[in-house]
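This report describes one protein chain for a reader new to it. The sequence and structure come before the details.

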Amino acid sequence: MSNLGKCAKCNKTVYALEGFRFGPPTDQKPVHKGCFKCSAPDCNWQLNVGTYKSYDGKPYCSSHCPTMPRGGDATQAAATKAEMNFVPPGQGH
Ligand SMILES: [Zn+2]
Ligand SMILES: [Zn+2]
């Protein structure tokens with residue numbers, strides 16, 4: 001039986017029938033089907049290959065995927081957010 005490598009979650013061998021690989025084509029990580037859950041500590045949402053988000057080699061559900069790149073530009077992200085919340089004078093209530 002072919003094995004895909006060590007599970008990204010539990011670090012045990014993943015055999016072809018037990019799981020699959022996920023992630024960007026250049027950096028695919030094997031994972032058991034049952035281990036393919038959101039990596040947020042309080043979530044454990046069972047993911048599926050169509051809807052998961054991959055971040056830093058770990059799967060997340062869409063609401064927990066950290067959107068900030070590692071060591072990324074938090075200032076710029078904050079600025080963008082402020083822009084989005086900006087209401088031009090004379091509009092709205
Ligand atoms: Zn596993
Ligand atoms: Zn989650």
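## Overall fold

The chain has one helix and six strands, where helices (H or I, at least four residues) and strands (E, at least two) are DSSP runs numbered from the N terminus. In sequence order, the pattern is β-β-β-β-β-β-α.

This is a predicted model, in which local features need pLDDT of at least 70 and side-chain atom pairs count only at pLDDT 80 or more, while totals for chains, interfaces and linings use all residues. Residues are numbered from 1 along each chain as its sequence is written, with chains lettered from A and ligands numbered from 1 in the order in which they are written.

## Burial and core

Of the chain's 93 residues, 14% are buried. A residue is buried if 20 or more other C-beta atoms lie within 10 Å of its own, exposed if 12 or fewer, and partly exposed in between, with C-beta atoms placed from the backbone.

Eight residues form the largest nonpolar core: Ala8, Val14, Val31, Phe36, Cys38, Leu47, Tyr52 and Tyr60. Such a core is a set of buried Ala, Val, Leu, Ile, Met, Phe, Trp, Tyr and Cys residues joined through C-beta atoms within 7 Å.

Beyond its neighbours within four places in sequence, Val14 is in contact (C-beta atoms, placed from the backbone, within 7 Å) with residues including Cys7, Gly19, Pro30 and Val31.

Tyr15 lies in strand β2, residues 13-15. Tyr15 counts as partly exposed because it has 13 C-beta neighbours inside 10 Å. Met1 is 14 residues from Tyr15 in sequence, and their C-alpha atoms are 6.9 Å apart.

Definitions and conventions. Two residues are in contact if their C-beta atoms, placed from the backbone, lie within 7 Å.
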